Amino acid sequence: MDVRKFANVFGERVGLVFRISTGSHAGKEVMESAAVSPSPRGKLSELLRGIGGSDGSLLSAHELVGQRCHIAVRHEATKTGKTYAAITQTFK
């Protein structure tokens, strides 16, 4: 896992990057972005708690880099019809 901070039209974001290690997609990377928010009900907090994070902080995210975990992925479409992989859940 890697953590990438960036900004877009929605404001400050953090991207959690996961590298798939097994199966037909081994070696591929997928990223899920979330707002930089300490809210315990926020998307970032939810994703980090699933893999053992104590909270939704960037410090907690960086502490998890290199940890192995499982991700649940759902394929969704943008408004323009482009398909992408959305990480819906993380767990150990």
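Is Thr90 buried or exposed? Thr90 counts as buried because its relative accessibility is 5%, where buried means under 20% relative accessible area and exposed over 50%, with partly exposed in between (1.4 Å probe, protein chains only). Welcome to a quick tour of this predicted model, in which local features need pLDDT of at least 70 and side-chain atom pairs count only at pLDDT 80 or more, while totals for chains, interfaces and linings use all residues. Residues are numbered from 1 along each chain as its sequence is written, and side-chain values use heavy atoms, with hydrogens and water left out.

**Overall layout**
- The protein has two helices and five strands, taken as DSSP runs numbered from the N terminus (helices: H or I, at least four residues; strands: E, at least two).
- Along the sequence these elements follow the pattern β-β-β-α-α-β-β.
- Buried residues account for 28% of the 92 residues.

**Around Thr90**
- Thr90 sits in strand β5 (residues 83–91).
- Its side chain reaches the backbone oxygen of Leu47 at 2.4 Å.
- Leaving aside residues up to four places away in sequence, Thr90 touches Phe18, Glu46, Leu47, Gly50, Ile51, His70 and Ile71, contact meaning heavy atoms within 4.5 Å.

- Leu44, Ser45, Leu47 and Leu48 are the buried residues named in α1. They lie on the same side of α1 because they cover an arc of only 165° around the axis, judged by the directions from the helix axis to the C-beta atoms.
- The buried residues of α1 pack against β2, β3, α2 (58–63) and β5.
- In the largest nonpolar core, which has 14 residues, Met1, Val3, Leu16, Phe18, Leu44 and Leu48 touch the most other members. Such a core is a set of buried Ala, Val, Leu, Ile, Met, Phe, Trp, Tyr and Cys residues joined through side-chain atoms within 4.5 Å.
- Following α1 comes Gly52, with a positive phi near 100°.

- Glu76 stands opposite Tyr84 in β5.
- Five residues lie between the strands of this hairpin, where Gly81 takes a positive phi near 95°.

Methods: Polar contact = N/O pair within 3.5 Å; in protein donor to acceptor, adjacent residues only side chain to side chain. Pairing = 2+ DSSP bridges.
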